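Biologist: Could you put the model up on the screen, so that we can go through it together?

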Number of protein chains: 2
Amino acid sequence: MSGEAGGTTRRRGRPPRTESGDTRDRILVTAREEFSERGYEKTSVRGIAKAAGVDPALVHHYFGTKEQVFEAAIEVAFAPALRAPEAIGDGPLDEVGERLTRFILGLWENPASRTPLLAIVRSAVNNETAAAVFRRLIAAQVLSRVAAQVGLPDAELRVDLAAAQLVGCAMLRYVIKVEPLASADPEQIVARLAPVVQGHLTGP
Amino acid sequence: MSGEAGGTTRRRGRPPRTESGDTRDRILVTAREEFSERGYEKTSVRGIAKAAGVDPALVHHYFGTKEQVFEAAIEVAFAPALRAPEAIGDGPLDEVGERLTRFILGLWENPASRTPLLAIVRSAVNNETAAAVFRRLIAAQVLSRVAAQVGLPDAELRVDLAAAQLVGCAMLRYVIKVEPLASADPEQIVARLAPVVQGHLTGP
């Protein structure tokens with residue numbers, strides 16, 4: 001089901017059907033904006049349909065339930081993050097801490113990916129259904145694959161704690177905006193966090 | 001203003017006025033519950049008044065605006081966390097990482113303090129006003145005082161990054177409930193995080 005919902009790219013193989021493809025994409029973009037601005041709970045399929053200028057039945061037709069619209073919206077928005085395991089796996093294991101730190105900070109520094117990240121964080125913090133989507137998508141697809149690359153017996157807990165350092169940094173810097181972290185030079189943050197993340201993943 | 005709003009304890013110096021004190025406390029407890037369950041945005045002074053069985057004017061009389069009710073509610077709920085600088089300052093500097101880690105995990109492990117913590121996290125993530133209250137109360141009162149104890153030139157950034165590790169752990173373990181972190185033994189977490197927090201605070 002989530003495969004169907006996230007299947008925009010796969011449609012490229014089909015004969016071009018511009019109008020319906022455009023409509024589907026417009027609904028997805030609108031859904032992402034609505035979830036970003038209002039969070040999961042306050043967003044409705046009706047509201048997304050209205051903002052996208054389509055009938056609510058069309059939203060249901062393309063995506064199914066609100067939970068499935070949410071999953072499709074964050075799956076598209078999160079495509080870069082879902083490539084994390086490849087991105088960080090591409091290089092020596094003793095530099096994985098720096099690659100992972102740069103990768104995650106890069107996602108948050110870029111306004112285009114920051115908005116959907118904020119939407120996911122806000123929704124997952126507030127709503128159990130959204131948290132479950134987050135766990136399924138991020139935890140299962142990203143964290144467990146990083147853990148497989150680390151390959152130690154307690155790799156999964158190690159990856160969770162490394163992720164905790166990066167998630168907490170993103171929370172305080174980009175969401176709560178605590179100073180001086182919020183205004184610190186990204187390179188200064190990488191210099192301090194890369195060894196910590198490395199230590200979590202491959203240290204004693 | 002926030003001094004007035006958080007002034008429950010100071011009222012002890014006045015002649016006992018049990019009835020109004022009880023009413024004020026009941027409003028505070030109700031406010032904390034409402035903010036916990038609904039978050040900052042969806043909670044209203046009217047809703048708090050209704051749940052506490054009082055007139056909305058009485059809530060305004062005791063606390064002022066919704067922002068001030070929120071600040072008073074989290075200030076009371078957060079009294080233990082606001083004692084963090086004393087708690088962790090009480091011992092050798094080379095064990096401050098373990099003391100801070102145990103202190104923060106202890107707050108989250110205890111259901112009585114976890115509920116208001118969740119309320120603050122949820123509200124601060126979702127609402128700029130609540131985030132500002134969070135920054136004022138936690139960042140200024142807790143983080144900057146820990147930084148003063150560390151005493152290094154870049155102590156404030158160090159404390160933010162140590163806090164980021166602990167905040168991120170709390171997010172993934174208690175809010176999003178990512179496994180295996182959510183079910184890990186607290187002692188195992190302390191063993192892994194205490195050296196990291198110590199390194200942030202006093203390391204190279």
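Modeller: What follows is a walk through the interface, a few residues and the backbone of this model.

Biologist: Before we start, what should I know about the model and its numbering?

Modeller: This is a predicted model, in which local features need pLDDT of at least 70 and side-chain atom pairs count only at pLDDT 80 or more, while totals for chains, interfaces and linings use all residues. Residues are numbered from 1 along each chain as its sequence is written, chains are lettered from A and ligands numbered from 1 in the order in which they are written, and side-chain values use heavy atoms, with hydrogens and water left out.

Biologist: OK, how many residues of chain B are in contact with chain A?

Modeller: Chain B has 41 residues in contact with 41 residues of chain A, where contact means heavy atoms within 4.5 Å.

Biologist: And what area is buried between them?

Modeller: About 3,600 Å² is buried between chain B and chain A, and carbon and sulfur atoms give 66% of that area; buried area here is the accessible area (1.4 Å probe) that two parts lose on being put together, summed over both. On the side of chain B, V125(B), L157(B) and R192(B) supply 18% of the area buried against chain A, more than any other three residues.

Biologist: How many salt bridges and polar contacts cross over?

Modeller: The rule finds 4 salt bridges across the interface of chain B and chain A, a salt bridge being a side-chain nitrogen of Lys or Arg within 4 Å of a carboxyl oxygen of Asp or Glu. One of the pairs that meet in a salt bridge is D154(B) with R192(A), at 2.8 Å from N to O. Between chain B and chain A there are 14 residue pairs in polar contact, both at pLDDT 80 or more; a polar contact is a pair of N or O atoms within 3.5 Å, where within protein one must be able to donate a hydrogen and the other to accept it, and residues adjacent in sequence count only if both atoms are side-chain atoms.

Biologist: Which elements of chain B make up that side?

Modeller: Those giving two or more residues to the side of chain B that touches chain A are α2 (18–42), α9, α10 (128–150), α11 (155–175) and α12 (186–202) of chain B, with helices taken as DSSP runs (H or I, at least four residues) and numbered from the N terminus. The largest share, 14 residues, comes from α11(B).

Biologist: What about H200(B), where is that?

Modeller: H200(B) is in helix α12 of chain B, and it counts as buried because its relative accessibility is 3%, given that buried means under 20% relative accessible area, exposed over 50% and partly exposed in between (1.4 Å probe, protein chains only). Its side chain is joined to that of Q165(A) by a polar contact of 2.8 Å. Not counting residues up to four places away in sequence, H200(B) touches residues of chain A and chain B, among them R192(A), V196(A), R158(B) and L161(B).

Biologist: Switching topic, is S123(B) buried or exposed?

Modeller: S123(B) counts as buried, at 1% relative accessibility, and its place is in helix α9 (residues 111–126) of chain B. The side chain of S123(B) reaches the backbone nitrogen of Y40(B) at 3.0 Å, and beyond its neighbours within four places in sequence S123(B) is also in contact with residues including F35(B), F70(B) and A130(B).

Biologist: Then α11(A), how does its length compare with what you'd expect?

Modeller: The 21 residues of helix α11 (residues 155–175) of chain A should span 30 Å at 1.5 Å a residue, and the end C-alpha atoms are 28 Å apart, which agrees; the expected span is 1.5 Å times one less than the number of residues. Of the 21 residues of α11(A), 19 are buried.

Biologist: Which residues does the cis peptide bond in chain A join?

Modeller: In chain A a cis peptide bond joins E179(A) and P180(A), with omega about 5°, and in chain B a cis peptide bond joins E179(B) and P180(B), with omega about 5°. Most residues other than glycine have a negative phi, and most peptide bonds are trans.
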